[in-house]
Amino acid sequence: MTATLPPEVQEVFARFITTEFTTVDRRGQPITWPLTPYYRPGDPCIDVTTGLGYPKKADDARANPHVALLFSDPTGSGLSEAPQVLVQGTADVDDRDLDANRERYRRELAEKLPSAGGDLPPKAFDRWLSWYLTRLYVHVRPERIYVWSDGDVTVEPQLFDTHIEEVRSGHVEEPVDEHDPGSGGAVVWDERMQELGARYSDAVVSLVAPDGFPFSVRLPIELDRRARHVRIGGAPVGVPWQPGPACLTAHDHPPDFKWQRNFQVRGELIEEEDGSWSLIPRKLVGGFELPPGSRIAQWRLNAKKVRRYHKRAKGELAKRAGR
């Protein structure tokens, strides 16, 4: 499908250095993290990857292959008027040759992110970084692509689809999945919530569409501190809003990707009295971050996570050896 897309859309896939990758876990919760996409014009799939030491993204994609890739942050791409592009696709988790995956990752990281790739230690140290360098690739075969020209989500998106009957009818023909309206629980409101609407004036909002595919879009946000809601703005067109589990993801990085920050808030979407939508925050999850500062400070910040990832990677290797 990708080979028939307009060149400007293929260019987005090839040149963006982050994409927001969404999986749906066994509870129906969409989970969105920024990842680096790998694509060459004409390829049948768009690839993303995760480390063996933190395989949840790959595990969720294996259990439920309905995934999404949102291209909404052009930082570092060199594209000044890039569209916002949502890819809904089918995932294939590739852990068939972990050695080949590790070599591919080293090669492609150096090509895509020279600054980040240049910071990797020599191969002699690979065994100490196996939790990170040993990669699980996820090949995403596009099924449906939404393109908002110039990133303007207030206009009707252009639709490209492998199912021609959907293009003709103007709506999705996939069977509707049973939808979870949300289980409630305590509201989470800690210090990091204050970054939403301040450091991050917009964020990626992800929900599960009626056909079971994740749907993501980048929109303006603001905190309603009195109600303890995150209000979602932007008057987007084409979003299949419905109450239920949702994920709001904030992230940033410089053009050379020398550092990166990211976290997400999981909760439920609700419709306000004025017809707008808000997220009730239930859980805040910090990602694997390398914030601005020295490499020593970055690794010190992540020391506990690295130990946990290293232990998980050893378990994953043992599990595969026993297959």
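**Exercise 1.** Find how many bridges join strand S9 (residues 214-224) to strand S10 (residues 229-232), and in which sense the two run.

*Solution.* Start with the count: 4 bridges join S9 to S10. The two strands run antiparallel. Strands here are DSSP E runs of at least two residues, and helices are H or I runs of at least four residues, both numbered from the N terminus. Two strands pair if DSSP finds at least two bridges between them.

The model is predicted: local features need pLDDT of at least 70, side-chain atom pairs count only at pLDDT 80 or more, and totals for chains, interfaces and linings use all residues. Residues are numbered from 1 along each chain as its sequence is written, and side-chain values use heavy atoms, without hydrogens and water.

**Exercise 2.** Trace the closed barrel of 6 strands.

*Solution.* Follow the order S8-S9-S10-S13-S12-S11. The pairing is antiparallel.

**Exercise 3.** State which residues of helix H2 (residues 56-63) are buried, and why they lie on the same side.

*Solution.* Buried means under 20% relative accessible area, with a 1.4 Å probe and protein chains only. Lys-57, Ala-58, Asp-60 and Ala-61 are buried. They share one side of H2 because they cover an arc of only 165° around the axis. That arc is taken from the directions from the helix axis to the C-beta atoms.

Notes:
Buried < 20%, exposed > 50% of the residue type's maximum accessible area, 1.4 Å probe, protein only.
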